[in-house]
Amino acid sequence: MRLSPLLLVPGIFVCALFPLTNCEEQQIPEEKLLVVTVATKETDGFQRFLGSAKHFNYTVKVLGRGQKWMSGDYMSGPGGGQKVRLLKEALEEMKNEDKVILFIDSYDVVFASGPKELLKKFQQARHKVVFSSESLIWPNRHLEDKYPHVIVGNRFLGSGGFVGYLPNIKEMVADWTGEDNDSDQLFFTKIYIDPVKRKSINMTLDSKCRLFQNLNGALDEVVLKFEDGRVRARNVLYDTLPVVIHGNGPTKLQINYLGNYIPNTWTFETGCTVCHEDLRPLTAIKESEYPLVVIGVFIQQPTPFVTMFFERLLKLQYPKNRLKLFIYNKEAHHERHISSFLKDHGSLYQDVKVVGPEEEMDEAASCNMGFDMCRKDKDCDYFFLLDIQVVLKNENTLKILIEQNLPIVAPMITRVGRLWSNFWGALSAEGYYARSEDYVDIVQGRRVGVWNVPYVSSVYLVKASLLRSELADYELFNSNTLDPDMAFCHNIRNKGIFIYVTNMHTFGRILSTDNYQTSHLHNDLWQIFENPVDWQERYIHENYTYIMKDKLIENPCPDVYWFPIFSDVACNHIVEEMEHYGKWSGGGNKDTRIQGGYENVPTIDIHMNQINFEKEWHKFLLEYIAPITEKMYPGYYTKAQFDLAFVVRYKPDEQPSLRPHHDASTFTINIALNQVGPDYQGGGCRFLRYDCSIQAPRKGWSLMHPGRLTHYHEGLPTTAGVRYIAVSFVDP
């Protein structure tokens, strides 16, 4: 039998050969497909593209490697002619005429599916060349009337992706004689709108985005589709699942977002599938060979708990002789904290540079200086930016970030009780914060991974090699309109460099600096409202949380309970704060500070309201004393109201003891603020009715006992030194 010439053409029906079988089109073998792209630089986007191609086993040929890019910037105007020239040159060397060429951009492209699906959809298009489509016409809107109309779908050609048989694509680019900076989009558009050429080449558009999804002009149409352990981009307008996703034009952030999931980068079933790839394990090298890191510590405003910040910096699990410190301090208030830290520990580090408030340097200038210190140091491998308000609880943070082996990576930190974090998942049109669809899930830990994001701040690691190459510009943090952090991230994004944040571990939190006052000696004491977690860590006894479950409460006398409440630091700070204030009462019965002006059982004391601490003290009683009261006195519930709260000072030559008395309270709190032995001799409390004494009160421990009627008591004499106690008369 003689075969019809029609049956010899690739992709044409073969029903005539087998009239009794189902009529099916022969699938193009996957080995016939070649992906061709142009990449003069191996950017982060290009590496992402190659990763997605490898995931689906595409064969990729890269053109232009190492060449200078001559085709302009797509964001500012037409260009791309260099791509057509390189493609034309490459095609001339190809002879296999049944080969299928997929020509696509790479810096802003990811594959969402494999060659089999792509080739099947290409064949179903019934044309020899299929271009991606767009809803927007570019670069010449005056050509709109010449475009063929489509019944449903996008009408305009996008040059960022097309697929076709080798002979047809050769014919399409054969007439290219343009310059490298001419528009490839305009070149292909003129071919497409010419009916004769369009028919000769047999080309069409992928109008319903079955093959190609261009994001520009279509952001509202594209959503992520999670199903059966796979992630796809779905075009909800045409109900299609595109194979190639292209972040063309001003949609780079959107392709970065989609690339966090496609192709199967993160799924609900597997979590992050790539977070352990390309790591740089430090366990394989000696500590003496660890990368050298410059840690930039920045103090831009008065900040609470600075002493604790430096304590955590010291505990960072990284060899100190592989660290250099750059400390910028704008606040004279914090100079004593820095001096104390460096005096005790500065010699541990390889080098230390401090820039103080006398330099009158702004935030941008200080950050630029810190980065440049690393940039110019040939031994510097990383710069680790660390703002003073960052509470870095994970001692291995620096190691973890280095091992990620990424250009710029931040550990995710959050603000307690809020959705605030140190990264943005998206940007508004004006370049400010916008909430991405996955932001809350990432912040709350329901999605865990390493995320490509447009903005990080407060704490992040930067490769020094990047500072010496792509980021050689000194003024990375400068802008006329953006704050320094935003300017930095804007400059990074414009370079095509990816910024990452990881929530693979719990790293820490960030302090609130709102309402932080510097008018006291120990200003951190006043932070119980703004930064309650840090306040607790600093000032509440380390064993407090074990009180209920471990029965840490002692019962030395009937209905008298004894338990740890304050840390040593809290005791010291309260005593020092009172002595700094210095206006101790005279210990007489006449007392204008209290209602009625008469004190029946006077002490030498300072009231909490005298140092503007009564609101904070009430919060302390409510949060830490009330739960114990309700536990030990069943059925009694308190709002921790008090008429009097004060610190008493006992001295042998001043007021050594207190005569027997009842307290004017429902119950009383009596906290020992210093230690018997080193600080004073004697002291204690005796309950007369029960003939029961506590003669060696422990520092930071509280006595809690009923006030009126039952617990008649006295303060035992202090025989040497000075004894301090904090007393509260609490009523419902």
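Predicted model: local features only at pLDDT ≥ 70, side-chain atom pairs only at ≥ 80, totals over all residues.
## Briefing: loops, domains, a pocket and cavities

Pro263 sits in the loop between α7 and β12 (266-267).

- As background, most residues other than glycine have a negative phi, and most peptide bonds are trans.
- Pro139 belongs to the loop that runs between β5 (129-134) and β6 (156-165).
- Arg126 isn't a glycine, yet it has a positive phi, near 60 degrees.
- You'll find Arg126 in the loop between α3 (115-124) and β5.

**Domains and how two of them meet**

- The protein splits into domain 1 (30-272), domain 2 (282-504) and domain 3 (523-730).
- Going by C-alpha atoms, the centres of domain 1 and domain 2 are 38 Å apart.
- On the domain 1 side, 13 residues take part in the contact, while domain 2 puts in 18 residues.
- The size of an interface is often given as the accessible area lost when the parts come together.
- For domain 1 and domain 2 the buried area comes to about 1300 Å², with carbon and sulfur atoms giving 53% of it.

**Salt bridges**

- The whole structure has 30 salt bridges, and 1 salt bridge crosses the interface of domain 1 and domain 2.
- Lys41 pairs up with Glu470 in a salt bridge, and their closest N and O atoms are 3.1 Å apart.
- Lys41 is in the loop between β1 (33-38) and α1, and Glu470 is in the loop between α13 and α14 (484-494), so this pair ties together parts that are 429 residues apart in sequence.

**The second largest pocket**

- This pocket has a volume of about 1200 Å³.
- Its lining counts 41 residues, and the closest to the pocket's centre are Asp44, Gln47, Arg48, Asp278 and Tyr500.
- Elements giving two or more residues to the lining are α1 (44-55), α7 (252-259), β23 (450-453) and α13 (464-468).
- Helix α1 gives the largest share of that lining, with 8 residues.

**Cavities**

- Rolling a probe the size of a water molecule over the atoms shows where empty space is left.
- There are 6 cavities of 30 Å³ or more in the structure.
- The largest cavity holds about 70 Å³ of space.
- Around the largest cavity you'll find Trp562, Asn670, Ile671, Ala672, Gly684, Cys685, Ile694, Pro697, Trp701, Ser702, Leu703 and Arg723.
- Strands β33 (667-672) and β37 (701-706) are the elements that give two or more residues to the lining of the largest cavity.
- That lining has 8 nonpolar residues, 3 polar ones and 1 charged one.

How values were computed: Residues numbered from 1 in each chain as written. Heavy atoms only, no water. 1 Å grid on protein atoms, 1.4 Å probe; cavity = no way out; pocket = protein on both sides within 12 Å on 5 of 7 lines; lining within 4 Å. Points joined across faces, edges and corners; volume = space filled by probe spheres on them. Helix = DSSP H or I, 4+ residues; strand = E, 2+ residues; numbered from the N terminus. Nonpolar A, V, L, I, M, F, W, Y, C, P; charged D, E, K, R; others polar. Domains from an automatic or database assignment. Contact = heavy atoms within 4.5 Å. Buried area = accessible area lost by both parts, 1.4 Å probe. Salt bridge = Lys/Arg side-chain N within 4 Å of Asp/Glu carboxyl O.
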